[in-house]
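Here is a short briefing on a protein model with paired chains. Look at the sequence and the structure before reading on.

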2 protein chains.
Amino acid sequence: MNSDTASPENTADSPLVDQIIPYLKAGDDHKIDIILSDLHPAEIATLLESLPKALRQKLWRLIPDGVEGDVLSELGEEARGSILVKMADADVVAAAETMAVEDLANVMDELPVHISEALLESLNYDHRKRLEASLAFAEGTAGRLMSTNVISVRKDVSITVVLRYLRRLKPLPHHTDALMVTDDNGIYLGKLPIVDAIAERPETLVADIMLEMADWVRATASDQDVSALFDRRELQSAAVVDEQGKLLGRITVNDVVDVILAKADKSLLALAGLNEEEDLFAPVLPSAKRRAIWLGINLVTVFLAAWVIGRFEEALDKIVALAVLLPIVASMGGIAGSQTLTLTIRGLALSQVTKSNLRWLGNKEMAVGLLNGVAWSIVVAIVTFAWFQDTGIALIIAAAMVLNLIAASLSGVLIPVILVRMAIDPALPGPVILTTVTDIIGFLSFLGLATLFLI
Amino acid sequence: MNSDTASPENTADSPLVDQIIPYLKAGDDHKIDIILSDLHPAEIATLLESLPKALRQKLWRLIPDGVEGDVLSELGEEARGSILVKMADADVVAAAETMAVEDLANVMDELPVHISEALLESLNYDHRKRLEASLAFAEGTAGRLMSTNVISVRKDVSITVVLRYLRRLKPLPHHTDALMVTDDNGIYLGKLPIVDAIAERPETLVADIMLEMADWVRATASDQDVSALFDRRELQSAAVVDEQGKLLGRITVNDVVDVILAKADKSLLALAGLNEEEDLFAPVLPSAKRRAIWLGINLVTVFLAAWVIGRFEEALDKIVALAVLLPIVASMGGIAGSQTLTLTIRGLALSQVTKSNLRWLGNKEMAVGLLNGVAWSIVVAIVTFAWFQDTGIALIIAAAMVLNLIAASLSGVLIPVILVRMAIDPALPGPVILTTVTDIIGFLSFLGLATLFLI
C-alpha cells in the first residue's frame, strides 16, 4: 500500500501508457496481460486512447473477450470507430452482445447497417425489447441514460416479503440503493430506500415507509435537467417514467457523473471550436479537416476587422505609431469582454441571470468596465507618451480604451442573453462574436478619434 | 405532474428568481415562505446568489433557522461572505452549529477569529473532535471531503447481528450504500455493500462476503485523484484511511459530483482570469479590482507584441497595407494554437499525453498546422490580391501564415507540457503565453518577410 488510492494508476511509478508501450513494442504479451487483468474497462479505454494507431490495434487484440464490450462503450466515439473498422463483423456482434443495453443504444448508430442488423437478430427477445425501448428515446435524454434493469415491488407487501424476493433475485443490479414501488399497471408510486427497508421491523408494509412520488424524471427530460436535479437534491438514483407515469427504468448518480464530465469536457473543447469526440491520436487529414471550419469562421471575422482598419488608410499613412499601437485597444477590450461574457454565460446556465436582474447586471458590468478602462488607460497613456513623445496619441489611445472597455462589458452581457433568446447555446459562438465586436469597436474608436483630432 | 422532473424549478412557469423578486419588493412574506418550504438548501443558495445585495438580505431573513446552516454551506465563498458580515455573531454560531462537519471545516477560515472561537466552544465534545479531525487536512484533500459519520462492523459477526445493529442505529447516515469492516484497532479491512448483506442468508459471516480492501483512499489524496478513481471504477462510496490504514471516514459519489462541478466551473472561469468564487452580484469596486490583474497581465503581453511591430516602422511607413492586414496572421495563429493547446491540456489531465507519445503528438499537430496553414493561406492570398492588387503582399502574407500556424501547433503542444514539468497548472497561464507567442511570431514573420522582400 504505497499509493494514495486503491488504484494501480496512481502509483509513484511512471504512467500506465509509458509502462505498456515498451511491452507492446517488444511483443511481451504476458506482461501486458498482467497489467490488463488489474484494470477496469474505463481504464483500458483511456489507455487505448493514449496510443497511436498501430500500437492501439496491438493492445486491442490482447484485451480479453469478456471485457471488449465494456471497453468499447467507454471509448470516445472517434477512438471507438478506429477500432471497430478493423474488427471482423462477427467479433463486433460478439462484443456488442455483452454491452449494457443503454451503452449499446449509443453505439448502434455508429455501426454499419449490416452489422447492426446482424446484431439485432443475434440478441434474445428480452434483450432486443429493452434495446428498442432505449432506442425509442433521443440521445441526450433520460430515456437513453436510464438502465432498464430495475427492481419494483408492490406497496401492499411486507418488508419480509421484499427481503425474501431480493434474496431470490441476487445478484442485484449494480448500484441498487432503492426499490421502485409500482401499482398493478406498472405506474410509479414511489421508492423504498434499501437502508429504510432493513432498518424497519419485518412486518412493516412497503406502503408505510415508501417515499411517495419521490425523485422521478420523464424519459423525455434532457440529461442536463436530470443532472441539475441530481445535483440540487443530492440524489443517489431516480425513477424514469413515461407520459402516463409508467415506470421505465432508473438513473443512478454514477450515470449523472458521466453526463457532467462529458458536458464539462464539451464546454472546454467547444471554446476552441473542437468536437467532444476528438481523438488525440486521430489521423492528420480528418483532424485538419475538422479544425478547418473554425479557422474559416475566424478568417471571416478577422477580415471584417481588417476592412475596418482599411477605412483609415490615410491616418495610418500619416502616423505610423497608430499601426504599432493598434492591437492594444482591441486586445484589452477582448479580455474585459470575455470576463463579463464568461460570468454571464455561467449565470444563465445556473438560471441566476433572468429578466428581472438583467438590467442590474448590465449596469454593474459597465461600471466595472468603466473603472478598469480608466485605470488601465492611464497606464497605457503614460507608456505611449514615453514611447512616442506625443500627447495627442497618448490621449486618444486612452479615450479609445475607455470606450472599448465599456462597450466590451455591455456586449459581454448582451451577446449571450440575445443568443439564449434565439435558443442558441452561447458557449460556442459567444466568444467569436464578442472578439469581433471588441476588435471592430477598438479599431474604430482608436483610428476614428485619431482621424478626427490628429489629421 | 406537468413538468419533466420532480423539481419545482423545472416547471413551465418563469424562473424562481423572477417569481420571488416581486414578492420581495412587495414584502409578501407569506408567499415567499410557501416557495421556500418547497426548496432544498442548494436551491435556496442559488436563489440568493441570483439576487442583488438588498434583496439578498431581505430573502436571507426569511429563511427558516433550521436550514440556514445548510444554505450557507451551499453558497459560493463570496456570496456567503456578503451574508455573514450582516449577521449577528450569535446567529452565525447558531447556524454554523447545524452544519455538517465537513462543510463547517470549509467555512471556518472565512469566519472572524472571535466567531470561530465562540463556535468551537459552543460545539459538544464529539462534534468538536470530528471538526478538528477534518481541519487537520488541507482543503482539496480526501480528509476534508469525507464525512466522519460512518458505520463500521467487525468481520466475525453474522448478517443477523449486523441487521439488528442497523435497526438500532436508524436513521442511518445519508447515502449509506455499504458498511465498513474494521479490526479491533479500527484498521480498514474492506467493505460490505448493504445489498449484499440483505441478499445473503442471515447466518453468513461478514468475513465471507465482504469485499476485502475494496475502494479506499488516503486522507491526504487530492480530491482530483479521488474523483478520477470514482469515475474510473464507478464507485458509490470509498473508505478514507490514514497512513496506518485506520478508517477515518467515508466519501460518497455525491461528494464527488460537487468536486467535479466545482472543477469544471473553475476551469471555465480561469480561462477568463476569473476566480471560482466570483459572485455575480458582487459590488463594483472589488469586482473591478479582482479583474484588473488579468487585464494588467494582458497589457504587458500586448505591449510586447506592439514593441515587435514598432521594430518595423519603416516597412509600415512605406506600405500601409501591411498595417491593415497585420491582425490576420496573428489571429489565425492564435486560433490554430489554442485548438492544439486545448487538446494537449485535456490529454495531460487524462494522463493520455506522456513522455512516450509526446513526439508523436507534436509531429501530428505540426502536420495538421501545415495542412490548414497551406489551405487557408491560399484563400488569404487570393483575397489579399483582390483587395490590394499586389502579388508580393499576397505571397508574403501566405508564407507568414503557414509559418505561424506550424509554430502555433508546436507551441500548443510544448507550452502545456513545459508548464506541467514546472508543476504549474497549464489551464491558467497556457492561453496567455500561447497568444503572446502567436502574436509575436505572426507579426515577426509577416513584417520581417515584407522588410526582406518588399522594401
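Predicted model: local features only at pLDDT ≥ 70, side-chain atom pairs only at ≥ 80, totals over all residues.

Residues are numbered from 1 along each chain as its sequence is written, while chains are lettered from A and ligands numbered from 1 in the order in which they are written.

**Chain A**
- Chain A has 22 helices and seven strands (DSSP runs, numbered from the N terminus: H or I of at least four residues for helices, E of at least two for strands).
- Buried residues make up 49% of its 455 residues (buried means 20 or more other C-beta atoms within 10 Å of a residue's own, with C-beta atoms placed from the backbone).

**The pairing**
- In all, 112 residues of chain B are in contact with 111 residues of chain A (contact means C-beta atoms, placed from the backbone, within 7 Å).
- Helix H19 (residues 320–349) of chain B gives the most to this side of chain B, with 16 residues.

**The cores**
- The largest nonpolar core has 110 residues, and Ile397(A) and Ile397(B) touch the most other members (a core is a set of buried Ala, Val, Leu, Ile, Met, Phe, Trp, Tyr and Cys residues joined through C-beta atoms within 7 Å).
- A second, separate core of 83 residues includes Ile159(A) and Val162(B).

Notes:
Contact = placed C-beta atoms within 7 Å. Buried ≥ 20, exposed ≤ 12 C-beta atoms within 10 Å, placed from the backbone.
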